[in-house]
Amino acid sequence: MSGTKWVDPAPFEGARPRFPWWIWLPRWAKVVALPFVLAGLVVWLGVRLVLLGLRYPVGAGVVVVGLLAYRNFGLSPLVLALLALVAGLLVWYGLHRRSFLRHCWYRLVTEWRRATVYVPKWRTVVRLADLAKEHRGKEYRPALRRVRAEGWRDKVRVRMIPAQSPEQWEARRDNLAHSFNARSCRVRVLKPRLLELDFIHADPLARPVGVPRLDDSADVDLKKLVVGVTETGRPWRLKLLGSQVLVVGVPGAGKGSVLWSIVWQLAPAIRAGLVRLVGIDPKGGMELGQCPDAFDKVVYDNGPDAVELLEEIAAEVKARASRYRGVRRLWTRSAGEPFTVLVVDELADLIAYQQDKQLRERAARAVQTISSQGRAPGVATVALVQDPRKEIVSFRHLFTTRVALRLDEPIQVDMVLGDGVRQRGAAAHEISENTPGVAWLKEEGQREPERARAFHVTDADLVELGLFLAPATVHDFPASAERRAA
Ligand SMILES: Nc1ncnc2c1ncn2[C@@H]1O[C@H](COP(=O)(O)OP(=O)(O)OP(=O)(O)O)[C@@H](O)[C@H]1O
């Protein structure tokens, strides 16, 4: 108070200590409640043990049998049995490493990481990352659910608090990764309120993947062409029938390997006449010239010949569409004409860098016709490009399958894969220079992007492919040639 004027004291800014409610109970009530609390604890522990037994029936069985054996026969047989168990596990590892890791080792790692990393740090990390909220004295904290270790990544399920969105988690991917000692973190939405965080510890695609054997009898599935492996170890299946493919990557990112993996897998169908390849390589044949036998027609520049070829395919698209009208909605083998794949290496050379304005416009019109109308009549485009900017490819949206190999900048990832996909973890600009052929993939209608590596198609493989596809030449047997000459 100063004179007659009232001055408010400064508000109390210290944190008031909070005590649990039972602290205020009278002493006698605590004594009465103690046996009930202890009984409750015992029941809780029993339930946890039963749940653990149900989760790991084999492990629990081994422990129970071990205890019984120890009681009935003493220590020595138990030690022998344990040694036999270890030997059995080693044999399992030797015979089938994959199933051993999956069913035994990764389960142990899961429990270990849950107990030593995620449970102890969870509360602090979500509070410091602003993912927990306090409202009217009650704390709302995202719940840590199932954890699964898979060696190269830990999958951690999280139940979000009310009014939270996946974008809030996506914005804190880096904070979470560093907090849990991971290289990076990705966010996936499993269902409303349930997220799965991937904490990445290693790159399963670090090693190149060789091409499979060329098999004449193989059935080529144009909707699921296997052109590499995904990081989860499954085949990378590329949709060609009913899709248009855009492959983007800086020089040396491995665009060639995506292209040749597609051709490699199409080879049996090309040989059987079911698929026809048409190619344009404005770089003078540096890429497609490595295996010209794969192509029905190929042009090695970006001049009038290339544009005429594009217009020929565009005309074919229209002609097929009018033939199919009312007969079929999508190309099938029974259509009686081959599925056509147009391969353009460096699309920008045709539709952006071409000096002649008329040729440039004609090329862009033809490519747009093919990629917008070719789906149903069985004409697919596989276009490779280094620069994804709108000024270079103004009709990116017509390509329904996008492959982002290594890129320079984050903004390029958004251009290729679409808005928001990078935030979910598709960091194509972070792909290492040491892993050419690694790409992020996004198909139309698929929410989550996938990471995969194309087969490594070597020069020797291309020679083999050329031999496989070269038209058979029948040479005269020397003796019969001499006889005819005589
Ligand atoms: N899938 C792959 N696995 C392993 N190595 C690869 C793979 N793809 C490409 N490479 C290697 O990376 C290098 C560059 O590959 P490639 O020429 O295909 O790149 P690019 O993107 O087509 O480059 P450019 O735009 O200059 O033609 C080559 O030495 C190749 O052997």
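In what order do the four strands of the open sheet stand? The order is E3-E4-E6-E5, with antiparallel pairing. A strand here is a DSSP run marked E of at least two residues, a helix is a run marked H or I of at least four, and both are numbered from the N terminus. Two strands count as paired if DSSP finds at least two bridges between them.

Before I go on, two notes. Residues are numbered from 1 along each chain as its sequence is written. This is a predicted model: local features need pLDDT of at least 70, side-chain atom pairs count only at pLDDT 80 or more, and totals for chains, interfaces and linings use all residues.

Axes are lines fitted to C-alpha atoms, for helices over the stretch in contact, and angles run from 0 to 180 degrees between N-to-C directions.

Strand E4 (residues 153-159) pairs with strand E6 (residues 194-200) in the antiparallel sense over seven bridges. In this pair, Val 158 stands opposite Leu 195 in E6. Helix H4, residues 97-128, lies across E3 and E4 and runs at about 150° to E3. Contact means that the C-beta atoms of two residues, placed from the backbone, lie within 7 Å.

Next, strand E8. E8 (residues 225-230) and E9 (residues 235-238) pair in the antiparallel sense over four bridges, with Gly 228 opposite Trp 236 in E9. The two strands form a hairpin with four residues between them, and Gly 233 in the turn has a positive phi of about 95°. E8 also pairs with E17, antiparallel, over three bridges; there Val 229 stands opposite Arg 453 in E17.

Now the ligand. Which residues come nearest to it? Of the 15 residues around the ligand, they are Gly 254, Gly 256, Ser 257, Pro 436 and Gly 437. A residue is near a molecule or strand if its C-beta atom, placed from the backbone, lies within 6 Å of it. The elements giving two or more residues to this shell are helix H7 (255-271) and strand E17 (450-456). The shell divides into five nonpolar, eight polar and two charged residues.

Last, the record. An unreviewed UniProt entry annotates residues 233-414 as "domain: FtsK". The end C-alpha atoms of that span lie 26 Å apart, and the span is 35% helix and 19% strand.

Key. UniProt positions are given in the numbering used here, feature names are shortened, and annotations may be inferred rather than shown by experiment. Ala, Val, Leu, Ile, Met, Phe, Trp, Tyr, Cys and Pro count as nonpolar, Asp, Glu, Lys and Arg as charged, and the others, Gly among them, as polar.
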